[in-house]
Amino acid sequence: MEILIISGLSGAGKSSAATYLEDMGYYTVDNMPADIILKFAEFCAQSDGRYDRVAFVSDIRSGSHGFAPLLAAMEDLRKSGNICRLLFLSADAETIIKRYKETRRRHPLMEDGETLEEAMRREETLLRPLRERADFVLDTTQMPAAKLRSELYSLFGDKAMRGKLSVNVVSFGYKYGIPLEADLVFDVRFLPNPFYVPELKHKTGMDQEVYDYVFSFPQTKAFVEKLESMLAFLLPLYSEEGKTMLVIAVGCTGGHHRSVCIARAVNAYLNQLGYPAYENHRDMTR
């Protein structure tokens, strides 16, 4: 079993880190008391693999009287054959003060009459034993969310899926409106319309005759080539920025013919590139 302890300064991004780790398949628990870590790990070990990657957030709220119990629990976990590592997050005082002002939260160590900076300095002193024993230290000063996610993926993400972006390719009809969740929208109403071909009118882009008709025109092939080239350029950049889900919407008038054909072609191309891509034809049966 793999156990990751997340600790660090208040306001340094522990909650965000836990969220990203959850996206990577970790079962996360916030504010886990050191006294019950071993019992919880024992429960996870008996779960038939459902909880084989666990992340505990343990910070000043649970260790204000010292972190010896946490360090002892980590040592016991390692001796029992588990992978147990400590991730420590920090940031400079100016960044943390700015974050607290934005959220209007109270620092957990702040006492009446004490400044935020004084509480932070006291916390740094209390947390020093954890920082010195940490396997990984990340300074989140001036680090945007996408960069934090990328750093965590590089350290703890599944190597097979690292940087992989899931893509949903949706065909739609403009007469029913553009999908609200769309990130990229492509209008294919300039292509010849099978609706005006009597034998194709009542078929859809899922029928081979319609697909062959739409792709029989040179402008269709040229458009798809340019579109594929653009997506091959864009998708790695979206992944770099931390995007995990992208919705590509392809629209024609009614969403029955042209958009379905192009969406099918785009989806097949993205699968060839190795992206988990799925097609959805929103208005095809309307």
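Arg189 is partly exposed, with a relative accessible area of 39%. Here buried means under 20% relative accessible area, exposed over 50%, and partly exposed in between, for a 1.4 Å probe and protein chains only. Arg189 forms a salt bridge with Asp187, and their closest N and O atoms are 2.7 Å apart. A salt bridge is a side-chain nitrogen of Lys or Arg within 4 Å of a carboxyl oxygen of Asp or Glu. Asp187 is partly exposed too, at 33% relative accessible area. The model is a predicted one, in which local features need pLDDT of at least 70 and side-chain atom pairs count only at pLDDT 80 or more, while totals for chains, interfaces and linings use all residues. Residues are numbered from 1 along each chain as its sequence is written, and side-chain values use heavy atoms, leaving out hydrogens and water.

The structure holds 9 salt bridges. Side chains of opposite charge can pair when their charged atoms come close. One of the bridges links Glu117 to Arg121, with the closest N and O atoms 3.5 Å apart. Both residues lie in helix H6 (residues 116–133), 4 residues apart, about one turn of the helix. Helices (H or I, at least four residues) and strands (E, at least two) are DSSP runs, numbered from the N terminus. Glu117 is partly exposed at 39%, and Arg121 is partly exposed at 38%. Asp283 and Arg282 also meet through their side chains, at 2.9 Å from N to O. Asp283 is buried, with a relative accessible area of 0%. Arg282 is partly exposed, at 28%. Salt bridges that share partners join Glu2, Arg53 and Arg85 into one network.

Arg53 belongs to strand S3 (residues 53–57). All 5 of the 5 residues of S3 are buried, so this strand is largely enclosed by the rest of the structure. Arg53, Ala55 and Val57 point one way from S3, and Val54 and Phe56 point the other way. 

An open sheet of 5 strands has the order S2-S3-S1-S4-S5, with parallel pairing. Two strands pair if DSSP finds at least two bridges between them. Strands of a sheet pair through backbone hydrogen bonds, either parallel or antiparallel. S2 and strand S5 (136–139) stand at the edges with a single partner strand each, so one side of each has no neighbour in the sheet. The twist averages 20 degrees from one strand to the next. Axes are lines fitted to C-alpha atoms, for helices over the stretch in contact, and angles run from 0 to 180 degrees between N-to-C directions.

Strand S1 (residues 2–8) is joined to S3 by 5 bridges, and the two run parallel. Leu4 has Ala55 as its bridge partner in S3. Strand S2 (residues 27–29) is joined to S3 by 3 bridges, again in parallel. Ala55 is the bridge partner of Thr28 in S3. From S2 the chain crosses through helix H2 (residues 37–45) to S3, in a right-handed β-α-β crossover. Right-handed means that, with the strands pointing away from the viewer, the path from the first strand over the helix to the second runs clockwise. S1 and strand S4 (residues 83–90) run parallel and share 7 bridges. Ile6 stands opposite Leu87 in S4. H2 packs on the sheet, touching S1, S2 and S3, and its direction makes about 160 degrees with that of S3. H6 packs on the sheet as well, touching S1, S4 and S5, and its direction makes about 140 degrees with that of S4.

The largest nonpolar core has 53 residues. Such a core is a set of buried Ala, Val, Leu, Ile, Met, Phe, Trp, Tyr and Cys residues joined through side-chain atoms within 4.5 Å. Ile5, Ile6, Leu87, Leu152 and Phe156 have the most contacts inside it. Leaving aside neighbours within four places in sequence, the contacts of Ile6 include Ala18, Leu21, Ala55, Phe56 and Leu87. Contact means heavy atoms within 4.5 Å. Another core, of 32 residues, lies apart from the largest one and includes Leu165, Val167, Val169 and Ala277.

A second open sheet, of 4 strands, has the order S7-S8-S6-S9, with parallel pairing. Its edge strands are S7 (184–187) and S9 (277–281), each pairing on one side only. Strand S6 (residues 166–173) runs parallel to S9, with 5 bridges between them. Val167 has Ala277 as its bridge partner in S9. Helix H9 (residues 218–240) packs on this sheet, touching S6, S7 and strand S8 (245–252), and its direction makes about 175 degrees with that of S7.

Val197 lies in the loop between S7 and helix H8 (208–214). Val197 is buried, with a relative accessible area of 16%. The C-alpha atoms of Val197 and Arg53 are separated by 56 Å, and the two residues are 144 apart along the chain.
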